[in-house]
Amino acid sequence: MTTTPTRIDLWSSASFLQGQPIDQYRWLHENAPVYWHDAPDEIGGGFWVVSPLDLVKQVSSDNKLFSSYANGTMLYDLPEDSLRASRAMMLNMDPPQHNRYRKLVGPQFIPKSARKWEVDIDELASQIIDEVCEAGECDLVADIAGKLPSYVVARLLGIPPEVGVRLYDLTEIMHTALDSVTPEQRAKVAVEYAEFTANLHKEKTENPTADLASRLAHAEVDGHKLTSQEYQAFITLLVNAGGDTTRGLVGGGVLTLIQHPDILADFRARTDELMPTAIEELLRYQSPVVHFRRTATEDTMLGDTAIKKGEKVAIFYAAANRDPAVFENPDELDLERDPNPHVAFGGGGPHFCLGSHFARIEIESMFRQILSRLHNLELVDEPVWVPSNFTSGPQRARIRFTPSAKANA
Ligand code: HEM
């Protein structure tokens, strides 16, 4: 048992400005595996923080007791009209409704479909490094980590890459914590998004091509075409979910490796051998999605803790990924860790990350490029982390490396 009281504050983004608050996670594991966390009335009050890996999996898998639909999946309660609108997104649905929507895009994300993109993704990753390698200095986040996910989502949807990058910038504002972005900024972003998706819907309905945005424009659920609200929700989900998650992983992963020079050197020397376990370990260690929320639909027990109907339950993937009962020396980076049953992509159940196969391909491509082409990596100044308790990763991080020639003419 830890005797020193650790201040637990997993609501304010200040706790996440240096990466994951691992001292807090450690305290929770040792003292309160299911912990009641007070929070301001404006967000609908406090929430349960679930840290043990087995309980995170239990909540994720039991959508009857722990609903995504009842009150959405964000820690803050939404006003009734926004809550209703948020339910157009499959993230905020429960089965069986959720299954009907997920089916529309599921086949595009299975391993076989994702593997067809490997060559394209390798090419994009190589181009991204071409754009920075001669200069010997760049922003790790804007110039490297953030580009690939935006380009990939853009190609999947069938939109120009620069539009993918712009949409991705908007997701950052949408994911930034409530205490860091004004309501006006959020409202502006929402309007820009709505205009973009309305135009896309029209264009892909009238001139369909072989891409996901066209497929969705013509898809049917329960005998009707997607409404414009449902269409927008799908596009937003795909851009959001695939964007700052992968960016956080690559950005945060590179920073972690710079902080562990021996491990970085070993990874460069044994890239092929280490790659499969290294990807999983970076996912565990970085945990780009920090938590999601569910709402209890009945009075129930979670471990030894009584949860009341209607209470918020926050599943902290990032804490579960450092559960000492599952991971030996959880705060240590071990690129050979095996087994590594992390929950960075979710704890199983209906909402398990749709894009996990794409994400792994993107991560591998990007790290292969970085390890083989950017030598003598170092930080130019202190990185700035995304001020968010929801997604974790650097927002800005200037890096320096030995300049080299482009790989592509
Ligand atoms: C390192 C990268 C990524 C991480 C860590 C990550 C993590 C997650 C997590 C934790 C969830 C929620 C799981 C749950 O509630 O059970 C999720 C859901 C989702 N992810 Fe990912 N994700 C990543 C990349 C991607 C990519 C590249 C895409 C798509 C191109 C994607 C698409 C989605 C979608 C659509 C959902 C919602 C699924 C549903 O509601 O059924 N993700 N992801």
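Helix α12 contributes the most residues to the shell around the ligand, 7 in number. This is a predicted model, in which local features need pLDDT of at least 70 and side-chain atom pairs count only at pLDDT 80 or more, while totals for chains, interfaces and linings use all residues. Residues are numbered from 1 along each chain as its sequence is written.

The shell holds 28 residues, of which A241, G242, G346, C353 and G355 come nearest to the ligand. A residue is near a molecule if its C-beta atom, placed from the backbone, lies within 6 Å of it. Two or more residues come from each of α12 (228-259) and α16 (356-373); helices (H or I, at least four residues) and strands (E, at least two) are DSSP runs, numbered from the N terminus. By class, the shell has 18 nonpolar, 9 polar and 1 charged residues. Here Ala, Val, Leu, Ile, Met, Phe, Trp, Tyr, Cys and Pro count as nonpolar, Asp, Glu, Lys and Arg as charged, and the others, Gly among them, as polar.

Strand β7 (residues 291-296) has 6 of its 6 residues buried, so it is largely enclosed by the rest of the structure. Buried means that 20 or more other C-beta atoms, placed from the backbone, lie within 10 Å of the residue's own. In a regular strand the side chains alternate between the two faces of the sheet. In β7, H291, R293 and T295 lie on one side and F292, R294 and A296 on the other.

β7 runs antiparallel to β3 (residues 66-67), joined by 2 bridges, and F66 stands opposite A296. β7 also pairs with β10 (residues 312-316) in the antiparallel sense over 5 bridges; strands pair if DSSP finds at least two bridges between them.

Notes
Buried ≥ 20, exposed ≤ 12 C-beta atoms within 10 Å, placed from the backbone.
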